[in-house]
Amino acid sequence: MSAELIRDVALVHFADKGYEGASLQDIATDVGIKKPSIYAHFKGKDDLFLHVANYVFQQEKRKMITLFASRKDHSLEENLVYFFDWVVEENKHNEHAKFLLRVSYFPPAKLYNELMRIVNPFFADMERLLAKYMRKHSSEENEQKKYLKEALAYITIVDGAVIELIFNGEDSYYRRVRAIWPIYFKGI
């Protein structure tokens, strides 16, 4: 038994049930250990949750960087539009993505401050990386500030669409994306 196995099983529980709904007993049972064995690796549920959060946000950052790097032969617009489909598929099939969305939008109140020290830098990094990506794929020579604004606007659109996905499903998500996309892309 390892801390990584406990972390991976806990990830599934936290992604599916949230912090409050997940129990150390259920996690231990799924790992195949007794609950006290978790304490050999983690101080408790809070510590385990924050370890999972750190791990997931690091992994998802790498995954998003790899996604855009692997699509370098596609246009900026194709990649930005593709990202909307990718988010839906990730949310359906990837526990990391489910966890990331859950804790970004519904953080446990008791761990809010600690969690925001993980979440906020992640989104700030994504904004900077996206601005750099946009600048690289543009034929115009503009100030970095322009690309930071365009990246922030894009992230704001993704954010609004994801809220729709969480609360109202794919159809509403795509309805929002289709409504805003031509306006956004014409503006940049």
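This is a predicted model: local features need pLDDT of at least 70, side-chain atom pairs count only at pLDDT 80 or more; totals for chains, interfaces and linings use all residues.
Phe106, Ile163, Ile166 and Phe167 make a nonpolar patch of about 340 Å². One of these residues, Ile166, belongs to helix H8, which spans residues 144–168. Ile166 is partly exposed, because its relative accessible area is 31%, and partly exposed covers the range between the 20% limit for buried and the 50% limit for exposed. Patch members need over 30% relative accessible area, so Ile166, at 31%, passes that cut-off. Phe106 has 40% relative accessibility, so Phe106 also counts as partly exposed. Phe167 has a relative accessible area of 52%. That value is over 50%, so Phe167 is classed as exposed.

The structure holds 19 aromatic pairs. One of them joins Phe106 and Phe167, with ring centres 5.8 Å apart and 80° between the planes. An angle over 60 degrees counts as edge-to-face, so this pair takes that label. Phe106 sits in the loop between helix H6 (95–105) and helix H7 (112–136), while Phe167 sits in helix H8.

A cluster of ring pairs links Phe68, Phe83, Phe84, Trp86, Tyr133, Tyr154, Tyr173, Tyr174, Trp181, Tyr184 and Phe185. Lys45 places its charged end over the ring of Tyr19, 4.5 Å from the ring centre. Arg71 does likewise with Tyr82, where the distance from the charged end to the ring centre is 3.8 Å.

Turn next to charge against charge. There are eleven salt bridges in the structure. One of them pairs the side chains of Asp26 and Lys17, at 4.0 Å from N to O. How accessible are Asp26 and Lys17? Asp26 has a relative accessible area of 34%, so Asp26 is partly exposed. Lys17 is partly exposed too, because its value is 41%.

A second bridge joins Glu90 and Lys63, whose closest N and O atoms are 2.7 Å apart. This pair ties helix H5 (residues 76–93), where Glu90 lies, to helix H4 (residues 45–70), where Lys63 lies. The partners are 27 residues apart, and the bridge links distant parts of the chain. Is Glu90 buried or exposed? Glu90 counts as buried, because its relative accessibility is 13% and the limit for buried is under 20%. Lys63 is partly exposed, with a relative accessible area of 29%.

Arg176 and Glu164 form a salt bridge, with their closest N and O atoms 2.7 Å apart. Arg176 is in helix H9 (residues 170–187) and Glu164 is in helix H8, twelve residues away. This pair, too, links distant parts of the chain. Glu164 has 8% relative accessibility, so Glu164 counts as buried. Arg176 is partly exposed, because its relative accessible area is 41%. Finally, salt bridges with shared partners join Lys61, Asp125 and Arg128 into one network.

Technical notes
Residues are numbered from 1 along each chain as its sequence is written. Side-chain values use heavy atoms; hydrogens and water are left out. Patches are made of residues with over 30% relative accessible area and no salt bridge: like charges are joined within 9 Å, nonpolar side chains (Val, Leu, Ile, Met, Phe, Trp, Tyr) within 5 Å. Accessible areas come from the Shrake-Rupley method with a 1.4 Å probe; for residues, only the protein chains shown count as cover. Helices (H or I, at least four residues) and strands (E, at least two) are DSSP runs, numbered from the N terminus. Buried means under 20% relative accessible area, exposed over 50%, partly exposed in between (1.4 Å probe, protein chains only). Rings of Phe, Tyr and Trp (its six-membered ring) pair if their centres lie within 6.5 Å; planes under 30 degrees apart count as stacked, over 60 as edge-to-face and the rest as tilted. A charge sits over a ring if NZ of Lys or CZ of Arg is within 6 Å of the ring centre and within 35 degrees of the ring normal.
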